[in-house]
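Trainee: Could you take me through one part of this model in close detail, and tell me how each term is defined as you go?

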Amino acid sequence: MSEPTAQTHSILMVAHGLLSDALPMIERCGITLVGIALANLTDELNVQLSLPIDRARELDRAVDRVRDRFGTAAITRGVLVGQNPGLSVPLLPD
């Protein structure tokens with residue numbers, strides 16, 4: 001989601017859209033278990049600032065190119081530098 005939300009309905013609509021988009025692959029591959037994860041949950045008192053970037057897709061592509069070339073650990077959150085990343089969830093290709 002491009003903007004933070006505390007609205008259950010908004011999150012549900014995004015999850016429903018993602019599932020609808022993935023349905024052909026789910027049926028084709030015979031997938032029987034699908035999960036959705038939420039991250040960075042917080043109370044409404046904290047405000048998530050948006051980056052002032054008009055070309056967010058270009059930023060996403062640049063990050064993807066760096067990770068493709070140097071690995072998924074090449075770009076990480078500052079607070080995680082030097083930390084053990086622990087277990088990770090495998091992601092399906094787009």
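**The first helix and what follows**

Mentor: Gladly! H1 bends by about 50 degrees at Ala22, and a proline, Pro24, comes within four residues after that; the bend is the angle between axes fitted to the seven residues ending at a residue and the seven starting there. Helices here are DSSP runs of H or I with at least four residues, strands are E runs of at least two, and both are numbered from the N terminus. Keep in mind that this is a predicted model, where local features need pLDDT of at least 70, side-chain atom pairs count only at pLDDT 80 or more, and totals for chains, interfaces and linings use all residues. Residues are numbered from 1 along each chain as its sequence is written, and side-chain values use heavy atoms, leaving out hydrogens and water.

Now for the length of H1. The helix covers residues 8-29, and its 22 residues should span 32 Å at 1.5 Å a residue, which agrees with the 30 Å between its end C-alpha atoms; the expected span is 1.5 Å times one less than the number of residues. Just after H1, Gly30 has a positive phi of about 70 degrees.

Val34 sits in the loop between H1 and H2. At 47% relative accessibility, Val34 counts as partly exposed, a class between buried (under 20%) and exposed (over 50%), with a 1.4 Å probe and protein chains only. Together with Leu19, Ile31 and Leu92, Val34 makes a nonpolar surface patch of about 340 Å². Patch residues have over 30% relative accessible area and no salt bridge, and nonpolar side chains (Val, Leu, Ile, Met, Phe, Trp, Tyr) are joined within 5 Å, like charges within 9 Å. A salt bridge is a side-chain nitrogen of Lys or Arg within 4 Å of a carboxyl oxygen of Asp or Glu. Areas come from the Shrake-Rupley method with a 1.4 Å probe, and for residues only the protein chains shown count as cover.
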